[in-house]
Amino acid sequence: MEQNVFEQLAKRYDSEERIELANVIVKEVKSELPNSKSKSLLDYGSGTGLVSLELIDLVDSVVLVDSSKQMTDVAQAKINKRGINNATAVYSNFTQETPTLKADIILTSLVLLHIPDTKKILQQLFQVLNSGGKLIIVDFDKNDKISHPKVHNGFTHEEMKNYLTEVGFRSTQIKTFHHGTRIFMNQDASMFISSSIK
């Protein structure tokens, strides 16, 4: 079994750069969550909770899901330390097991680029989402300067829209919202936010 690179990163994951980038993402995601006070949010690939733990006041409950046990341990420690009672961290890998969780809103932020089979993970997220629920994706725009055997070099808006439509999502809106210096494998890059309804 290949060592999960994120297991080693977990304890020192919250670098200044990652926190800064997470804050940019939080600001953008908040605009997608009006009137969500009664809704449940699931953050897939949540890492240490840098994004979703900043959204807890906007929703009824948050489940942070990550395929790295260390990451969920760090996230759960933050939840406990801050006395947050509407969030919990769960260790699970939706690419290898059928998820039993359900949610009104799913957020996946800078995660799809690490998952080889984009369509399969979107199908799993579709299953988890309650009917009429919303999927919010934040990821990098396609970037030809990046080449790595285990990471997608971002996605074009058209490519992402096609995946989402094939899986069954509708009303997909996609826009680029941030350009940053050395934010994607040490390259300048831009991020998009996509919002779709089940």
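Student: What do local features need here, and how are residues numbered?
Tutor: The model is predicted: local features need pLDDT of at least 70, side-chain atom pairs count only at pLDDT 80 or more, and totals for chains, interfaces and linings use all residues. Residues are numbered from 1 along each chain as its sequence is written, and side-chain values use heavy atoms, with hydrogens and water left out.

Student: What order do the strands of the open sheet have?
Tutor: The seven strands run β3-β2-β1-β4-β5-β7-β6, with mixed pairing. Strands (E, at least two residues) and helices (H or I, at least four) are DSSP runs, numbered from the N terminus. Two strands pair if DSSP finds at least two bridges between them.

Student: Which strands stand at the edges?
Tutor: β3 (87–91) and β6 (170–184); each has a single partner strand, so one side of each is left without a neighbour in the sheet.

Student: How many bridges join β1 to β2?
Tutor: Five, and the two strands run parallel. Tyr44 has Val65 of β2 as its bridge partner.

Student: Which strands does helix α3 touch?
Tutor: α3 (residues 69–82) packs on the sheet and touches β2 and β3. Contact means heavy atoms within 4.5 Å.

Student: New topic. At what angle do α4 and α5 pack?
Tutor: About 50 degrees, with their axes 9 Å apart. Axes are lines fitted to C-alpha atoms, for helices over the stretch in contact, and angles run from 0 to 180 degrees between N-to-C directions.

Student: Which residues of α4 make the contact?
Tutor: Thr118, Lys119, Leu122, Gln123 and Phe126, against Met160, Tyr163, Leu164, Glu166 and Val167 of α5.
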